[in-house]
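Hello,

Here is the structure I promised to pass on to you. Please open it alongside this email, and my notes on what turned up follow below.

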Amino acid sequence: MSESLLKNYINGEWQLSSASEQQPVVNPATAEVLAQVPLSPASEVEQATAAAVQAFQTWRRVPPTERVQCLFRLKDLLEAAADDIARLITQECGKTLKESRGELQRAIENVEVACGIPTLMQGTYSEDIARGIDEFMVRQPLGVAAAIAPFNFPAMIPFWFMPYAIACGNTYLVKPSEKVPLTMQKIFELIDQSDFPPGVVNLVNGAKETVDAILQHPDIRAISFVGSSPVARYIYAQAAANGKRVQCQGGAKNPVIVLPDADMEMTTRIVADSAFGCAGQRCLAASLAVTVGAARADFTEAIAATAASRITGNGLEADVQMGPVITAQSQARIEALIQTGADEGAKVLVDGRQPAIAGLEQGHFVRPTVLQDVPTEGEIARTEIFGPVLGLMHVSTIDEAITLVNQSPWGNMACLFTSSGAAARKFRYEAEAGNIGINIGVAAPMAFFPFSGWKESFFGDLHGQSAHAVEFFTQTKVVVERWPKEWSRQF
Ligand code: NAD
């Protein structure tokens, strides 16, 4: 792959950025520089927004049944290019090809759901709210909206928002993570072939300066953000101060509870996939496993063996089960946090620091790591590591486990492994997290459900995907209407 300078896509055309700064896009498995990404200045956000404002005037008048035809075309194009896109995701993000294909599938499913917009955005009608008076509610698009995305799902995450926004008649800006901009570059080549009118969907590459320009632009009516909680909090506050609609999905520290009656073989396999899949760089990764009573010994032994045997390497290779973490800084941060865990008194049962992976000496790898007896009050019990590190804790009862879950500042996901229906019901009823798994390790909502983070994991009210997205990207208009009989012509 040549080390090209990536372009923005504005008003239906590819444009070279005037950015004075650019950043290398690096393959985390090999440290090869794949491309340079421009850190676009505010003037390019301005240009893209102006195009989107202009396009909105006609796009909102296109019947929803016609608008979704562009999405049907995009779905076909995404499916036809799935192998190429998956390869790109793996090259710039590090996850395995299987994980990349799975991610893309989730993106496509959001296009499919958004194709139902003629039904999803229907209004409501009440006849005779008073004598001869009717009242109805319609949903109208907002105008221009924007997504600011993180590095860990370069294809999927913009699709939690964009298909719904444009299907509802809005026009759109996507700002991908500057660490993984190649996937959106490729997807925008397909958007370019999907017959959207110019200006309906725009791509602006960049980092903080670009984001700040989005936050400050008076014509951008709504912002969807996914990323770390400190940035989520900042975006939420700034967007709200500037009078925008905003939804911000943040970080996580997800607990899984293992009861003694769980199927230990299945539980171990599923928890390992959750903790170490995508090298732990998933907001729905299990990062604390809490064993209850007699589950401790069996689970500890089994998870340590599974972690130690996981094949780590370049995600492009068929037998590899786990790829690298995103950057050298990330690797250093994860290794430092493992040390913090050890300093706090946890035992490093499986140590994945500084792995030697033949032929990939420049890559940013941490192998699966298991910390035993993580202290409840320590830093490791509360800090998002965002790497392949699973902390183990132990309690005596399910009530203690639920208390642990609910004491956490995070609320993205909590899971229970059990064969008891009553325990499962108690857990899903009482656990304070927005996505719950019962014998599931990555409780990722399908496109027709909202992605329901809580607490420090989400700032806002309406989540991404599904009916929530339709609500977020439309404003309701209520009409109260009287047509006196005497005004009617007599036929
Ligand atoms: P990040 O917060 O560093 O970056 C996210 C986006 O914000 C990027 O587009 C980046 O350019 C921009 N950004 C970064 N710093 C900024 C600043 N100071 N001002 C303005 N914009 C800024 O997140 P990341 O490292 O790319 O992604 C990992 C994080 O995302 C993890 O915390 C993970 O849990 C979280 N995440 C959450 C979900 C969810 O659904 N809750 C999903 C995926 C990832």
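**Cavities**

Searching the whole structure, which is a predicted model, turns up 6 cavities of 30 Å³ or more. The largest cavity holds about 100 Å³ of space. Its lining is made up of 14 residues, and those closest to the centre are Ala252, Gly280, Ala285, Ser287 and Phe386. Sorted by class, the lining of the largest cavity comes to 7 nonpolar, 4 polar and 3 charged residues.

You will find Phe386 in the loop between strand 16 (369-372) and strand 17 (389-395).

Asp195 is another residue other than glycine with a positive phi, in this case near 70°. Asp195 sits in the loop that runs between helix 7 (182-192) and strand 10 (201-203).

**The ligand and its surroundings**

Now to the ligand. Which residues come nearest to the ligand? There are 29 residues around it, and the nearest are Ala149, Glu178, Ser228, Gln249 and Glu384.

Where do the residues of this shell come from? Domain 1 (8-250 + 457-478) and domain 2 (254-438) each contribute at least three residues to the shell around the ligand. As for secondary structure, at least two shell residues come from each of helix 8 (208-216), strand 11 (220-226) and helix 9 (229-241). By class, the shell has 16 nonpolar, 8 polar and 5 charged residues.

- Ala149, one of the nearest residues, has a backbone N or O atom 2.7 Å from an oxygen atom of the ligand.
- Phe151 likewise places a backbone N or O atom 3.0 Å from an oxygen atom of the ligand.
- Gly250 has a polar backbone atom 2.8 Å from a nitrogen atom of the ligand.

How much of the ligand does the protein bury? On its own the ligand exposes 850 Å², and the protein buries 88% of that area.

Happy browsing, and do write back with any questions!

Best wishes

Technical notes:
Residues numbered from 1 in each chain as written. Predicted model: local features only at pLDDT ≥ 70, side-chain atom pairs only at ≥ 80, totals over all residues. Heavy atoms only, no water. Near = heavy atom within 4 Å. Polar contact = N/O pair within 3.5 Å; in protein donor to acceptor, adjacent residues only side chain to side chain. Areas by Shrake-Rupley, 256 points an atom, 1.4 Å probe, with all protein chains shown as cover. Helix = DSSP H or I, 4+ residues; strand = E, 2+ residues; numbered from the N terminus. Nonpolar A, V, L, I, M, F, W, Y, C, P; charged D, E, K, R; others polar. Domains from an automatic or database assignment. 1 Å grid on protein atoms, 1.4 Å probe; cavity = no way out; pocket = protein on both sides within 12 Å on 5 of 7 lines; lining within 4 Å. Points joined across faces, edges and corners; volume = space filled by probe spheres on them.
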